[in-house]
Amino acid sequence: MEKIISIKDLNYTYPDAKHPAINNLSLDIYKNEWVSIVGKNGSGKSTLTKLIDGLIEAESGTIAIDGQIINEDNIWEARTKIGIVFQNPDHQFVGATVEDDVAFGLENQGIPRDKMVTEVDEALKLVKMSDFKKRDPQSLSGGQKQRVAIAGVLATKPQIIIMDESTSMLDPDGRRTVLNLVQQLRQEQDLTIISITHDIEETELSQRIVVINDGKIVQDGKPVEIYDLGSNLRKFGLEEPFTNKLISTLGDKLKLPEGYLNEEELKQQLWKLHSIM
Amino acid sequence: MDKIILGRYLPGDSLIYRLDPRGKFLLTFYFVGIVFLANNVASYAFLLAFVLFAVYLSKINLGFFIKGLKPVFWLILFTVVLQLLFTPSSHPIWHWGIFTLSKEGMVIAGYIFMRFILIIFISTLLTLTTTPIEISDSIESILKPLKKVRFPVTQVALMLSIALRFVPLLVDETTKIMDAQRARGVDFGEGGIIKRIKSFVPILIPLFVSSFSIAYDLAIAMESRGYKDGEGRSKYRVLSWSKRDNLMVIFMAAVTIILLFLRSY
Amino acid sequence: MEITFDHVTHSYNPNSPTANLGLDDVSFTIKDKLFTAIVGQTGSGKSTLVRHINALLKPTSGNIKVGERVITSETNNKNLKPLRKQVGMVFQFPENQLFEDTVEKDIMFGPMNFGASEEEARESAHKMIKMVGLDETYLTQSPFDLSGGQMRRVAIAGVLASDPETIILDEPTAGLDPVGRKEIMELFKGLQEEGKTIILITHNMDDVADYADEMAVIHRGKLITEGLPKEVFNNQDLLKEDLLTLPKSAAFAKELSKKGFQFDKLPITIDELGIEIKQQLNGD
Ligand SMILES: Nc1ncnc2c1ncn2[C@@H]1O[C@H](COP(=O)(O)OP(=O)(O)OP(=O)(O)O)[C@@H](O)[C@H]1O
Ligand SMILES: Nc1ncnc2c1ncn2[C@@H]1O[C@H](COP(=O)(O)OP(=O)(O)OP(=O)(O)O)[C@@H](O)[C@H]1O
Ligand SMILES: [Mg+2]
Ligand SMILES: [Mg+2]
């Protein structure tokens, strides 16, 4: 598999901070992967995002995007390959209307207007917000604003989308639509997704979970492997998945297979037990 | 905050809405200029008729324009009363100490009042029918020639549009912070002047802190989307000057000529 | 304190073309000493609703009874302090309200506004900081040097310090990690057990199932239903119209019921679900 992001021995300490926010961190992310990054408040997740996008500069270590180690000269090019959707929908809306906002990234790249018009339309169609083209941000719900933010990111055709708690301020409905949309786009557009979240259920959509604690990677594996950590997850500020909690209330009397089961598997198992009763 | 009409955009659609904002912007200024040419009842009446006609074309309820007067009501009243009572006259109707009431005073006060109405109505018309961003685009376009002397027109325009984007966020933030402090027992606008000023500390500090963090977030979001320094950007929004804008200019020229004629009438 | 909404309507920017109904003829009662959850989609009017309880907003028509006090459109802005002392309010991102140079002073701010002496306020600050799970050494620090989660706790302590009888929480745990969220939720549950009335706005249906005694669903400014969480989450009409999301346990039970399993009423917590599954599998 092809590496799209490769981070080596990265260190970063905020000015005046006592402890490093990122502490000798190395991480490889592959093309078309969906990687979840999880960890306590203040563990360094957002800092890592900003480092990857060159928004802050590492003290030491390297970051390669699409095979190229980023430095001051090529950071603008690297940035066109990465799109970030942030947490607070209100703090990332730059344009005065939906279409203006989507166009912002394209304007920055100096794309001619005719081309912009079609690309803005296309991006809005992808997120199903075409009808809202002329609306101003205040008249949109949080979920709608986040979809516009995604459209703005998609318009510039990035290879990587980073979502930094992009669904955390949304209601369950808004959350679901945004996640489904991202999943679908990943498949259709061959995107790599990095999603930062506190919601363990959200990580089920990903192929890999990276757990960060105090600026270091403490776990990295398939969701099943991470969920198998059981109550150890609490050390990293995480919740156990629903099925784990349910299985522990069911006790050992029921004969269920060892290890993590997802909802579908647990359901099948329970149905089986029910039918042989 | 909700009650201020002047400076607010009202979504809508009519001829006035569809005019090129540059034209609207310049013609509004031009009109404010020619208001000062009016010098008699006929010319004022004519300008009022023109403004009312423009309001009619905008399809916006006249009530909005009257509301637009509210914030400056006291200023108008003060100026008008000043003119009424202090215009020197050789035939005073009434006289008391330093105060004089005369026919001339009344006429001048009436004119001043009319000027206020005309200027406020026409500028309210501009802001009600033109989004802030259109105004900022117009300013950019009007200032474009200054690029030759290295004036950072594009950056200034973007700054202006971001500032405009910031205003509602800050208004929102202020309301939230005020609510939070009210819930903790702060009474705004109660007690003596010192107490009143003090009661704003719990607003100003949090507001300062959060405007910084909003600005930081916004800056990060802009940079992550490739915003560099305003150079080499293309523009999505374009302004287009059409026939009806030409018509408007001609119409305004006609208004000026009639006004000049009425002046010496 | 019992809180009663009687035909409450609230219109934002009335008499203007941008007028919109934040609340539309809402009548219901929030019972004394219970934990009531208020849910609904973004923009449905939850925040508008609770802001009436301490008169941050006043109804356009109708009235709200908070204990003995009645709030109507005519309610004067003066003399609201006793009401606001009784009804504490924690907003979304409450850390945005911090402003003093030490944590202690910030926590003391509320009680002193409500007329407590400096001593009383200080005593209360020392008690509350422990209550929210921080130790007294934090009192001398600047609130701006703390982490987000710690600031959140200090802000909550600042509201609790005035010893309100009713505590309103408007999405108080947004952005916290699950462990932090759980700690904060347990804190509120503990306060209820001490005899306080708790009103919680949330998008997290599992929290509703786990902590609330009563719940109300708001949709487009209208109260569409209220009652025991177990009843409300079993209201087929609401679920059909997608006005409500189920807690995970209920959703899973619903899946199970497609084959073999039968639930008279969908269980809403993991414990309930576990018991039901065991019963149905062991046949006892
Ligand atoms: N602008 C800043 N200046 C100084 N320190 C900071 C800044 N931003 C973050 N930190 C500190 O760096 C560490 C890592 O913060 P970061 O925001 O990356 O955490 P996070 O994992 O994203 O947390 P959360 O889940 O709360 O979003 C924390 O200790 C935090 O207090
Ligand atoms: N200050 C205001 N001026 C005008 N309209 C407002 C104002 N505050 C809220 N509204 C409108 O009133 C309605 C209800 O808003 P409210 O904030 O009560 O919703 P909510 O249920 O708390 O939503 P959320 O889950 O997003 O917090 C929305 O349509 C909103 O746009
Ligand atoms: Mg973060
Ligand atoms: Mg709300």
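**Figure 1. Contact between chain A and chain B.** In this predicted model, the contact takes 36 residues from chain A and 25 residues from chain B, where contact means heavy atoms within 4.5 Å. About 2,800 Å² is buried between the two chains, and carbon and sulfur atoms give 55% of that area. Buried area here is the accessible area (1.4 Å probe) that two parts lose on being put together, summed over both. Residues are numbered from 1 along each chain as its sequence is written, chains are lettered from A and ligands numbered from 1 in the order in which they are written. Local features need pLDDT of at least 70, side-chain atom pairs count only at pLDDT 80 or more, totals for chains, interfaces and linings use all residues, and side-chain values use heavy atoms, with hydrogens and water left out.

Figure 2. Four salt bridges are counted between chain A and chain B; a salt bridge is a side-chain nitrogen of Lys or Arg within 4 Å of a carboxyl oxygen of Asp or Glu. One salt bridge pairs Asp101(A) with Arg225(B), with the closest N and O atoms 3.5 Å apart. On the chain A side, helix H2 (75–80), strand E6 (82–85), helix H3 (98–108) and helix H4 (113–126) each supply at least two residues that touch chain B. The largest share of that side, ten residues, comes from H3(A). Helices (H or I, at least four residues) and strands (E, at least two) are DSSP runs, numbered from the N terminus.

Figure 3. Strand E1 (residues 3–12) and strand E4 (residues 60–65) of chain A pair in the antiparallel sense over five bridges; two strands pair if DSSP finds at least two bridges between them. Ser6(A) has Ala64(A) as its bridge partner in E4(A). Ala64(A) also stands opposite Ile69(A) in E5(A). E4(A) and strand E5 (residues 68–69) of chain A run antiparallel and are joined by two bridges. Their hairpin has two residues between the strands, and Asp66(A) takes a positive phi near 50° there.

Figure 4. Ser136(B) lies in helix H7 (residues 132–143) of chain B. Ser136(B) counts as buried because its relative accessibility is 2%, the limit for buried being under 20% relative accessible area (exposed over 50%, partly exposed in between; 1.4 Å probe, protein chains only). Not counting residues up to four places away in sequence, Ser136(B) touches Ala157(B), Leu160(B), Ser161(B) and Leu164(B).
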